[in-house]
Amino acid sequence: TLPSEMILLTAYPNPFNPVTTISFSVETHRPDKIGTSLLIYDIMGRLVATLIDEQLQPGEYEVLWNASELSSGIYLSRLESGNIRQTRKLLLLK
C-alpha cells in the first residue's frame, strides 16, 4: 500500500542544541503498515543518522533526535514512505 498523504513537520525547537523533536504523519486509505524511513543528512549529503526504518501503521509520530556528537551546522531530515519524499532543514547551534 502506498501512502496517500505524508506530512513532515518542522522540527521543534529549530534551531536546536542538541535535541530536537521531529513530528510527522503517514496516512493511507487502508490500515496496512507502510515502509517508512526518517533519515538525517549533513549539508554535504552524507547520511549521519537513521531515526526510523521500519513498517509503520498509519498515524502521527514524534521522534527525538539527539545530535550531541555532531558539530554545529545545517542538517536535513528526510521522510520517505513509498514513493513520497519530504525534506526539512534543521539548524544545530552549539
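These legends describe close-up views of a predicted model. Local features need pLDDT of at least 70 and side-chain atom pairs count only at pLDDT 80 or more, while totals for chains, interfaces and linings use all residues. Residues are numbered from 1 along each chain as its sequence is written, and side-chain values use heavy atoms, with hydrogens and water left out.

**View 1. Arg-46 and Asp-42 form a salt bridge.** The structure holds three salt bridges; the term means a side-chain nitrogen of Lys or Arg within 4 Å of a carboxyl oxygen of Asp or Glu. Side chains of opposite charge can pair when their charged atoms come close. Between Arg-46 and Asp-42 the N to O distance is 2.7 Å. Arg-46 is exposed at 52% relative accessible area, whereas Asp-42 is buried at 11% (buried is under 20%, exposed over 50%, partly exposed in between; 1.4 Å probe, protein chains only).

**View 2. Glu-80 pairs with Arg-78 and with Arg-85.** The N to O distance is 2.8 Å for Glu-80 and Arg-78. For Glu-80 and Arg-85, the closest N and O atoms are 3.9 Å apart. Arg-78 is partly exposed, at 25%, and Arg-85 is also partly exposed, at 46%. Through shared partners, the salt bridges join Arg-78, Glu-80 and Arg-85 into one network.

**View 3. Ile-43, Met-44, Ile-74, Leu-91 and Leu-93 make a nonpolar surface patch.** The patch covers about 470 Å² (Shrake-Rupley method, 1.4 Å probe). Its members have over 30% relative accessible area and no salt bridge, and nonpolar side chains (Val, Leu, Ile, Met, Phe, Trp, Tyr) are joined within 5 Å. Leu-93 is partly exposed, at 45%.

Notes: Patch = residues over 30% accessible without salt bridge, like charges linked within 9 Å, V, L, I, M, F, W, Y side chains within 5 Å.
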